[in-house]
Amino acid sequence: MTKSAVIADDDETIRSILQYKLSNAGFDLTVCHDGEAGREALNDPDADPDIVILDVMMPRLKGTQLLRTVRRGELAVDPDVPVIMLTSRGTEDDVLEGLESGANEYLTKPFSPNELLARVERLIGV
Amino acid sequence: MTVIADPSSATTAVAIPPVALTAAVVVLAASLAAVVIVTLGYSLRSDRRRRRRTPIRADLRSELLDRLYGRDEPAWDEWVATLSTTERDELESLLDVYLRELRGRDADSLAELGVALGIDERARRDIADGGYWERIHALVWLALLRDAPDRSLLETHCRETPRERAAAARVLYAAETTDLATTGIDLLLEAEPRSFSVFGIDTLYRVSETDPAPLFERAAADFETWDPALQQQVLLVTRHLHTVVGGADLSWVIGALSNTEPRVRSAAWRALDAYGWNRGLRADIGAGSDRIADEPAPSVRASAYRALGAWGDTEAVTALRAAAEAETDDRARVALARALFPHWGPDGPDPGRGDIPAPGRGGPDGPAPGRENAVGSDGDAVDPFDAAWRWTSEHARFDRLARDISGARTRGVTRR
């Protein structure tokens, strides 16, 4: 069965790395350039991703705010969908805020795509 | 000597010859036209350059990712040998971007591409022989490649400015060298250091986080000789360190509590946030004594309250409650209320603990614990600390509400 993922990151370099890595791992991808586009993708009635990867600092809508709306069940996507935060904000407070917002994993940039893929596969039970 | 001014001179208009006026206008217009033409020329040239390079960059990016992720061996040397000068320039630019985002095996592999492009050798040459900006640029590249050069190269050529010191220490940090803490602190703080930029403070933090001992030893020896801005920065770094050294000499931090500069005293209090467990240190500070009450600067008292709040034990909370009676500054009162709230608010621990008298705590909107009688019966004469407490309480309630991720789900919001 094909796996799917939603990626929201305003950094083209990060998007290109994630696209390449996850596509090679067999994921169908929905790629968003900012938080609001991510919100629209996750509010699509057909949205059923196996995993969501969010940046924190994005134009129009922060990743943590978007994650809270997901966890509150305000969007069409399953509120329990696994979410990984991928961000440059790596202080203890940032990590705690990300996890309190409902993130399953919190990775900081610079990051290892191999580690990210391993965490994705663990979260979705591949 | 007396000078008598001609009263008519103040009102006399100076006549400018029309020819001179015309010439000035022509010169001005010609200058503006020249600026416009030059600007347009540069813009068109850079636009053409960008258009020419965009497809090259896209092709290189695709090839880079394909070699990085799509093959067993990226064969960087073979690839680099086929590239033109323009393509190599563009590839360096791409490599710069990707190395900043990646770590682990992928970053190691990309570092080999940097070696294939000859960046490491060029960087070493630039550090030894280049000017200031070439050295900075070279240090940035070596940090990205995680390639630490010989220490004497750094110590000899990279101490001109705080920026350069930080860039040199950053190379050691990126390369995860075993002498990071010792050599890094030497590079940053030895021989008449000056205050750092944000990048420098971040570097000092990262270097010290691996092992704070060299920083503490340096500060114990030299703190008094540093300028207040650098003192404040070192205290700021100390505050944020997660690695606590049990037997470290922190007398310099306690000494900084008596510094002549309020900003240094304030930073010293916050640097003590993580040392509530150290009873000996706390005895030396005398936080429960008159030290805080005698502090003239409200901002410093506020920092002291925050430190006591971070300690959060019975003794600290008792000191905070005592300070609530005496504090006269509005902002310091709010800081005090915020420091006390986690320990004495509705979500705090059981009020019956220890030797603290148990007040009747109200709800989130209730008066400050133990101060219920301070509120006037007509509801208008609100005790100043109680106003701060109510503000803190309301702030905490809204903060909880904003962070709550369960409310709507339990209310049964419709989903697909």
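Predicted model: local features only at pLDDT ≥ 70, side-chain atom pairs only at ≥ 80, totals over all residues.
Q: What ipTM and pTM does the predictor give the complex?
A: The predictor assigns the complex an ipTM of 0.81, together with a pTM of 0.77.

Q: And what is the mean pLDDT of chain B?
A: Chain B has a mean pLDDT of 86. In chain B, 85% of the residues reach 70 or more.

Q: Where in chain B is the pLDDT below 50?
A: One such stretch of chain B is residues 350-364, which has 21 contacts in the model beyond near neighbours in sequence. Another is residues 411-416 of chain B, where the pLDDT is also below 50. Counted beyond near neighbours in sequence, residues 411-416 have seven contacts in the model.

Q: Turning to the interface, how many residues of chain B are in contact with chain A?
A: On chain B, 21 residues are in contact with 25 residues of chain A.

Q: Which elements of chain B supply that side?
A: At least two residues each come from α1 (18-69), α3 (85-101), α4 (105-116) and α20 (407-410) of chain B. The largest share, four residues, is that of α3(B).

Q: What is its make-up by class?
A: The side of chain B that touches chain A has 10 charged, nine nonpolar and two polar residues.

Q: Now chain A. What pattern does it follow along the sequence?
A: Chain A reads β-α-β-α-β-α-β-α-β-α, with five strands and five helices.

Q: Why would one call chain A compact?
A: A compact globule of 126 residues would have a radius of gyration near 14 Å, and chain A agrees with this because its value is 13 Å. Along the principal axes, the C-alpha atoms of chain A fill a box of roughly 35 × 35 × 25 Å.

Q: How much of chain A is buried?
A: Of the 126 residues in chain A, 39% are buried. Among contacts in chain A between residues at least 6 apart in sequence, 62% join residues at least 24 apart.

Q: Which residues of α3 in chain A are buried?
A: In α3(A), residues 63-71, the buried residues are G63(A), T64(A), L66(A), L67(A), V70(A) and R71(A). They lie on the same side of α3(A), because they cover an arc of only 160° around the axis.

Q: What covers them?
A: The cover over the buried residues of α3(A) includes the strands β1 (3-8), β3 (51-54) and β4 (83-87) of chain A, as well as the helices α2 (35-42) and α4 (92-100) of chain A.

Q: And what follows α3(A)?
A: G73(A) follows α3(A), and the phi of G73(A) is positive, near 75°.

Conventions: Residues numbered from 1 in each chain as written. Chains lettered and ligands numbered in written order. Contact = placed C-beta atoms within 7 Å. Nonpolar A, V, L, I, M, F, W, Y, C, P; charged D, E, K, R; others polar. Rg over C-alpha atoms; globule rule 2.2 N^0.38 Å. Buried ≥ 20, exposed ≤ 12 C-beta atoms within 10 Å, placed from the backbone. pLDDT = per-residue confidence, 0-100. Arc of directions from axis to C-beta.
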